[in-house]
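Q: Hi! I'd like a close look at one part of this model, please. Could you walk me through it in one go?

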Amino acid sequence: MTPDFVEAVGGFATGVVVLTVRDGRDDLGTTVTSFMSVSLEPPMVLAGVASSSYLAEVLSRTGRWAATVLGAEQRALAGRFAAEGRPGARILLASEPHHRGGLSGALIPESGVTALECETRQRIEAGDHTLFAAEVLSTDYIARDRKPLIRVNRRYLPG
């Protein structure tokens, strides 16, 4: 990967999403900026996760997960879920209001812009990432009054 490519794609403004999944008795999660809607009928999203991560392995064998679009005031939460060697999602969300999704069983932070419960329909290997194309099973909540957290040039900016 060239530094020019990293700089070029770093200039794309993107929303910030926390993916969470329940793995038996454990809860995992990560911050992603590779997330987009891809279909209205059926409603589908696409999320990119590093193929070498344990989360990619869990998402490959666990069909259901949650995606929370973070709000502008959730910069610290995005950082916690992005940190190397981070603990499980239950610890990362211990001081945040959250609940368990009724369809995915995943932990869902309650103070985001929106949260979706998803079921993987297709996995696509794409370089060093795996893309998870998923049907949206439910919209857990929508908070229209909250501004999204945006990432551009390797920094979080309020929406």
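What is the volume of the largest pocket, and which residues line it?

A: Happy to. This is a predicted model, in which local features need pLDDT of at least 70 and side-chain atom pairs pLDDT 80 or more, while totals for chains, interfaces and linings use all residues. Residues are numbered from 1 along each chain as its sequence is written, and side-chain values use heavy atoms, with hydrogens and water left out.

The largest pocket has a volume of about 1,300 Å³. Here a pocket is an open set of points on a 1 Å grid over the protein atoms alone, where a 1.4 Å probe fits, with protein on both sides within 12 Å along at least five of seven lines; lining residues have an atom within 4 Å of a point. The volume is the space filled by probe spheres set on the points, which are joined across faces, edges and corners.

In total 37 residues line the largest pocket, and T31, V32, T33, S34 and H129 lie nearest its centre. Two or more lining residues come from each of α1 (3–10), β3 (26–32), β5 (43–50), α2 (54–61) and β11 (149–152). Of these elements, β3 gives the most, with five residues. Helices (H or I, at least four residues) and strands (E, at least two) are DSSP runs, numbered from the N terminus.
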